[in-house]
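Here is a friendly briefing to read alongside your structure. Please keep the viewer open as you go through the points.

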Amino acid sequence: MLAGTATRTAHDAAVENLRRARAGAGAVQLGKPSSNLFRFGDRDTGAAARRLDTSALDGVLGVDPDRRTAEVQGMATYETIVDATLVHGLMPLVVPQLKTITLGGAVTGLGVESTSFRAGLPHESVLEMDVLTPAGELLHVTPDGEHADLFAAFPNSYGTLGYAVRLVVELAPVTPFVKLTHHRYPSASAASAAIERFVAAGEVDFLDGVVFGPDEQYLTTGEFVQAPMPGARISDYTGQEVFYRSLQRRPVDHLTVHDYLWRWDTDWFWCSRAFGVQHPLVRRFWPRRLRRSDVYRRLVALDQRYGASNRVREALGGTAEEMVVQDVEIPVERLAEFLEFFHREIPVLPVWLCPLQLRGERSWPLYPMEPGRLYVNVGFWSSVAEKPGDRWAHNRLIEQCVADLGAHKSLYSTVHYGEDEFWSHYNGAAYRAVKQRYDPDGRSPDLFAKVTGR
């Protein structure tokens, strides 16, 4: 049996064991070996909590090349899924940029990548799933079946309505290589207009970008190709070179499709610089197998547990820093306005841009983006000096700006909304109806409590 695959018998046994454990437990956490959340809680602080063993639910049950579908266990990482599908010349419609993001996590949370301008969000490619509810029931969930309300409310519920233990998802065909072209723009308004043109033309397979400063932004278009252009090099950014730096000096580039999908993971976009990993000498001796986003994230979790970096800053006479790690969905026509605010108030660069729009005509109640409307995910992941006496001032400022622009904020990171405002943004009425049906005894926290810790 290939690595990362799972048998139906083993799957059924693992699900039954998980169902029994869930039915007999109170407050629990999934026993995942890694996390991509930036809400540091019990998992990271070391507090005791009962964890459900999901180690037997991390594989691929099968790939159907004819139907272009994959049957996947909920805790399978995209790294595992990509390894299983690429051998068939296929990939998930949206592959979030970090290897250890799980399919179940992307569907109950949110995920975007450079195919999202045409393929939408990961949950839009789900055809069916089996969900283990907080009450310990195992339900077969489809878009139009008995539990269609749970299917619709599952995205952005972050495990508070249940855990997806099996999913069937659509796949898309690939070629062996991706040709990249990096386009520079002198202003956010010029980049915004270019995003609209690229999306309207529909001629590229991938589209994302990086903002290096108010007068330097790049959009990267990607096209599937069977082979590189004659004489062109095939780049490798898992060694000494760093991908994001190539945007400024290499107008055209080629990567294998595998390396393209994971181009951001080696350096966690650009965040590996915080650990010195982009310094040539450090990079040479930092083992390649440890140049991964999950390694860097574990280092950040340790720092958050012990407050080491802020202790050092304060001991040296500096100030503590506020972690500013967020992804927000901005309507494309308001992107320049948001970036102007961001450059003025939040001293963080670079910034990631990822155009997205819902794939279909339906909307999703807990993350109410408008069908047919183009948004741009703006991702920023760093820290800034704390304002005296106000630990989360910058994050609250961002939340206010996002609300003022009619935008949306992903909930994988810190959340500072008051309860009434939170539910006004994330459709409290729809959530409470589904929560009452599938968790009437409140065995899992509600969404507000889960993401705020309140």
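In this predicted model, the side chains of Asp208 and Arg263 make a polar contact of 3.0 Å. A polar contact is a pair of N or O atoms within 3.5 Å; within protein, one must be able to donate a hydrogen and the other to accept it, and residues adjacent in sequence count only if both atoms are side-chain atoms. Residues are numbered from 1 along each chain as its sequence is written, and side-chain values use heavy atoms, with hydrogens and water left out. Local features need pLDDT of at least 70 and side-chain atom pairs count only at pLDDT 80 or more, while totals for chains, interfaces and linings use all residues.

**Two buried aspartates**
- Asp208 lies in strand 10; helices (H or I, at least four residues) and strands (E, at least two) are DSSP runs, numbered from the N terminus.
- With a relative accessible area of 2%, Asp208 is buried (buried means under 20% relative accessible area, exposed over 50%, partly exposed in between, with a 1.4 Å probe and protein chains only).
- Beyond four places in sequence, the residues that Asp208 touches include Ser114, Tyr218, Trp264, Trp352 and Cys354 (contact means heavy atoms within 4.5 Å).
- Asp267 sits in the loop between helix 9 (257–261) and helix 10 (280–285), and is buried at 3% relative accessibility.
- The side chain of Asp267 is joined to that of Arg283 by a polar contact of 2.8 Å.

**Cysteines**
- How many disulfides does the model have? The count is 0, where a disulfide is a pair of cysteine sulfur atoms within 2.5 Å.
- The sulfur of Cys271 has its closest cysteine sulfur in Cys354, 16 Å away, which is too far for a bond.
- Both cysteines are buried: Cys271 has a relative accessible area of 13%, and Cys354 is at 0%.

**Nonpolar cores**
- The largest nonpolar core has 88 residues, and those with the most contacts inside it are Met129, Leu150, Trp270, Trp352 and Phe422. Such a core is a set of buried Ala, Val, Leu, Ile, Met, Phe, Trp, Tyr and Cys residues joined through side-chain atoms within 4.5 Å.
- Helix 3 (residues 78–86) gives the largest share of this core, 5 residues.
- Another core, of 35 residues, lies apart from it, with Ala188, Ala191, Val332 and Phe342 among them.

**Helix 13**
- Leu335, Phe338, Leu339, Phe341 and Phe342 are buried in helix 13 (residues 335–345).
- Seen down the helix axis, the buried residues of helix 13 fall within an arc of 160°, so they line one face; the arc is that of the directions from the helix axis to the C-beta atoms.
- Glu340 and Arg344 are exposed on the face of helix 13 turned away from its buried side.
- Elements packed against the buried residues of helix 13 include helix 7 (188–201), strand 10 (206–213) and helix 14 (393–404).

**Backbone details**
- The peptide bond from Leu349 to Pro350 is cis, with omega near -5°, and Pro350 lies in the loop between helix 13 and strand 14.
- Although not a glycine, Asn156 has a positive phi of about 75°; Asn156 is buried at 0% relative accessibility.
- Trp268, also not a glycine, has a positive phi of about 50°.

**Confidence**
- The average pLDDT is 93, and 95% of the residues score at least 70 (pLDDT is the predictor's confidence in each residue, from 0 to 100).
- Over residues 42–48, pLDDT stays under 50.
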